[in-house]
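Please look over the sequence and the 3D structure shown here before reading on.

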Amino acid sequence: MQYDVIIVGASFAGASAAMQLARARRKVLMVDAGQPRNRFAEASHGFLGQDGVAPHDIMAIAIEQLLAYPTFELAVAQAEHASADDQGVAVTLDDGRHFSARRLILATGVRDELPAIPGLQERWGQTAIHCPYCHGYEVRDRKLGVIATTPLSAHQGLMLPDWGPTTYFTQGQYEPEEQELKQMAKRGVTIERTPVIEVLGSAPDIEALRLADGRTVEIGAVFVGPRVHMASPLAMQLGCAFEQGPMGPYIRTDELRQTSVKHVFAAGDAAAAFHNATMASAAGVMAGVSTHRSLVME
């Protein structure tokens, strides 16, 4: 085997896993194509010690620190194919290079699919956002909207008044339950049942949302729960089992981040129902430590 561990994905989860393994003096190859999910966000928030720092800058420092370890290597490329057997794993890159290792960590992330509403995509990560803990403080005291995409959107509508006056747009599909309606009334949430069809204003700012009946509602920022898809086909190629989360499928792992496939671990957004930079980093640490343990105990 060329490496002890190959890690696919170099964002918060992948780099956190790599750090544990590099410090354990294991030979590690990290593969990344430079297209992280958080590339649309200007800053990372709620990440201890890094609040307000651009994700790109955080990861640039992380890679610099990893490269200081002699057993760590980075391949800037797209991992196109992976396989696993009793002996280990193999990964092929889009430039034709082929690598083998005893273990594989998938930190491949997810791809967001937004509702097909004109004006939404170009504001994604700025004034069209998904997590109030990540970005709510930056849009505080504006008129906030929730464009419902799943039944869980109602829960988001209940939370948001802590950041600003909130309107919940059901899109004609996601009517809150009776108890949720009562809670929303107590929280001062306005319910709008006519679907949003367009986001108005000079991007990235939002001035209002246009409704299907022609009305406009003044809004300064919108929260949208995207549907998520695997950003990489590797987990499917390997035959990893999946769970169905509220926003889409994610790789099934145990508490040690082991997938259903021998020698393959997973961490980060691709292997979690709910997403946050700190949680991704913590999962990466667990994946790295657990992978090292599996090598020791083999």
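The questions and answers below go through parts of this predicted model.

Q: How far apart are the end C-alpha atoms of helix 1 (residues 12-23)?
A: Helix 1 has twelve residues, and at 1.5 Å a residue these should span 16 Å. The computed distance agrees with that expectation. The end C-alpha atoms are apart by 17 Å.

Q: How many of the twelve residues of helix 1 are buried?
A: Buried residues of helix 1 include Phe12, Ala13, Gly14 and Met19. What covers the buried residues of helix 1 includes strand 1 (3-8), strand 2 (28-32), helix 2 (55-67) and helix 7 (277-297). Helix 1 is mostly covered, and the number of its buried residues is ten.

Q: Which residue just after helix 1 takes a positive phi?
A: The phi in question is about 65 degrees. The residue that takes it, just after helix 1, is Arg25.

Q: At what angle do the axes of helix 1 and helix 7 cross?
A: The contact involves Phe12, Ala13, Ser16, Ala17, Gln20 and Leu21 on the helix 1 side, and on the helix 7 side residues including Ala277, Gly284 and His292. Helix 1 passes helix 7 in a right-handed crossing. The two axes come within 7 Å, and they cross at roughly 35 degrees.

Q: What is the bridge partner of Ile129 in strand 15?
A: Strand 8 and strand 15 (residues 221-224) pair in the parallel sense over two bridges. The partner of Ile129 in strand 15 is Phe223.

Q: Which residues of strand 9 point the other way from Leu144 and Val146?
A: In a regular strand the side chains alternate between the two faces of the sheet. In strand 9, Leu144 and Val146 point one way, and all four residues are buried. The residues that point the other way are Gly145 and Ile147.

Q: Which residues make up the uncovered face of strand 16?
A: Strand 16 runs antiparallel to strand 7 (residues 110-113), with four bridges joining them. The covered face of strand 16 holds Val228 and Met230. The uncovered face holds Arg227 and His229.

Q: Why is one side of strand 12 (196-200) and of strand 14 (216-218) left without a neighbour in the sheet?
A: The order of this open sheet is 12-13-14, with antiparallel pairing. Strand 12 and strand 14 stand at the edges, so one side of each lacks a neighbour because each has a single partner strand.

Q: What is the omega of the cis peptide bond from Ala203 to Pro204?
A: Pro204 lies in the loop between strand 12 and strand 13. The bond from Ala203 to Pro204 is cis, with omega near 10 degrees.

Q: Is Asp141 buried or exposed?
A: Asp141 lies in the loop between helix 3 (132-135) and strand 9. Asp141 has a positive phi of about 70 degrees although it is not a glycine. Its relative accessibility is 68%, and the cut-off is over 50%, so Asp141 counts as exposed.

Q: Is Arg257 buried or exposed?
A: Arg257 is found in the loop between strand 18 (249-251) and strand 19. Phi of Arg257 is positive, near 75 degrees. Its relative accessibility is 15%, and the cut-off is under 20%, so Arg257 counts as buried.

Definitions and conventions:
Residues are numbered from 1 along each chain as its sequence is written. This is a predicted model: local features need pLDDT of at least 70, side-chain atom pairs count only at pLDDT 80 or more; totals for chains, interfaces and linings use all residues. Side-chain values use heavy atoms; hydrogens and water are left out. The expected span of a helix is 1.5 Å times one less than its number of residues. Buried means under 20% relative accessible area, exposed over 50%, partly exposed in between (1.4 Å probe, protein chains only). Contact means heavy atoms within 4.5 Å. Two strands pair if DSSP finds at least two bridges between them. Axes are lines fitted to C-alpha atoms, for helices over the stretch in contact, and angles run from 0 to 180 degrees between N-to-C directions. A crossing is left-handed if the near helix is turned anticlockwise from the far one by less than a right angle, and right-handed if clockwise.
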